[in-house]
Amino acid sequence: MDPGVCNRAHMLVCRLWTAVSRALFAEFLATGLYVFFGVGSVLRWPSALPSVLQIAITFNLATATAVQVTWKASGAHANPAVTLAFLVGSHISLPRAVAYVAAQLAGATVGAALLYGVTPGDIRGTLGINMVYNNSSTGQAVAVEVILTLQLVLCIFASTDNRQALGSPAAMIGTSVALGHLIGVYFTGCSMNPARSFGPAVIIGKFTVHWTLAQRLAILMGTTEVEKVGVEPQKKEPQSSSGDAEMGSHYAAQAGLELAILPPQPSE
């Protein structure tokens with residue numbers, strides 16, 4: 001083979017690898033910054049509890065910063081939902097989309113780990129993981145997240161369209177994220193970003209409301225329900241003791257349930 005052809009092929013591969021690796025690092029960095037600063041704004045410091053407006057502004061600024069820094073290198077998705085939308089719209093290839101999502105999840109986990117490491121133990125709490133709040137139903141929470149994520153994706157498509165937008169889309173995308181948080185905080189803490197929910201959940205080790213795709217579709221179709229996570233733990237009923245009285249045991253009728261030990265009935 002002609003040495004010149006080999007050299008040109010080698011240079012092409014090197015350039016392609018450099019571009020891909022730079023884009024993946026940009027997604028990793030953008031998502032890590034977003035999670036570190038955004039989730040950091042929801043921590044409950046005793047001297048100054050966060051307000052909804054403060055949280056929305058912080059996520060706004062974190063998004064604008066991440067987009068401004070990385071959008072020319074990778075498009076600054078910093079969000080698996082955005083990457084999926086770009087894949088469906090044929091703006092990105094499947095292998096690149098998979099690599100983007102992996103970089104985003106890794107960046108979110110590292111960002112959450114850094115935040116966890118620099119935060120005092122009595123302030124960390126649940127590290128801002130997303131839950132269902134204020135007596136909202138599971139279906140309501142899913143519907144709100146779908147609507148908020150939809151408006152974010154639409155804003156990103158419009159802001160990055162060269163035929164319509166001029167300059168950096170950072171300001172408009174940041175505004176869209178702030179808009180979502182002004183409403184979504186009351187329902188779910190406002191995710192709009194699977195990576196933002198994934199990172200803190202990995203560090204805390206709590207995936208109670210991270211449902212599978214099948215469960216989400218079943219909820220939307222109304223064929224099943226997922227246990228709702230409340231803010232306050234359920235109160236346990238006090239157990240009565242009967243000294244040395246004989247105890248009877250009854251097995252639950254359904255498989256998989258624990259053995260229930262019932263106290264003896266009082267004699268008449």
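I looked up F157 and found it partly exposed, with a relative accessible area of 27%; buried means under 20% relative accessible area, exposed over 50%, and partly exposed in between, with a 1.4 Å probe and protein chains only. I note that this is a predicted model, in which local features need pLDDT of at least 70 and side-chain atom pairs count only at pLDDT 80 or more, while totals for chains, interfaces and linings use all residues. Residues are numbered from 1 along each chain as its sequence is written, and side-chain values use heavy atoms, with hydrogens and water left out.

**Aromatic pairs**

I searched the whole structure and found four aromatic pairs. Rings of Phe, Tyr and Trp (its six-membered ring) pair if their centres lie within 6.5 Å; planes under 30 degrees apart count as stacked, over 60 as edge-to-face and the rest as tilted. One of the pairs is F36 with F37, edge-to-face at 5.2 Å centre to centre and 85 degrees between the planes. I recorded F36 as partly exposed at 27% relative accessibility and F37 as partly exposed at 46%.

The pair of F86 and F157 is stacked, because the ring centres are 4.7 Å apart and the planes stand at 15 degrees. F86 lies in helix α3 (residues 80-88) and F157 in helix α6, so this pair ties together parts that are 71 residues apart in sequence. Helices are DSSP runs (H or I, at least four residues), numbered from the N terminus. F86 is buried, at a relative accessible area of 12%.

**C155**

I then located C155 in helix α6 (residues 138-159). C155 is buried, with a relative accessible area of 15%. Beyond its neighbours within four places in sequence, C155 is in contact (heavy atoms within 4.5 Å) with M172, I173 and S176. C155 and I173 are 18 residues apart in sequence, and their C-alpha atoms are 6.4 Å apart.

**Helices α2 and α7**

Which angle do helix α2 (residues 52-74) and helix α7 (residues 170-184) make where they pack? I noted about 150 degrees, with the axes 8 Å apart; axes are lines fitted to C-alpha atoms over the stretch in contact, and angles run from 0 to 180 degrees between N-to-C directions. The two helices are therefore roughly antiparallel, a label for angles over 145 degrees. Residues making the contact include V52, F59 and Q68 of α2 and A170, I173 and L182 of α7.

Notes:
Angles under 35 degrees count as roughly parallel, over 145 as roughly antiparallel, 65 to 115 as roughly perpendicular and the rest as oblique.
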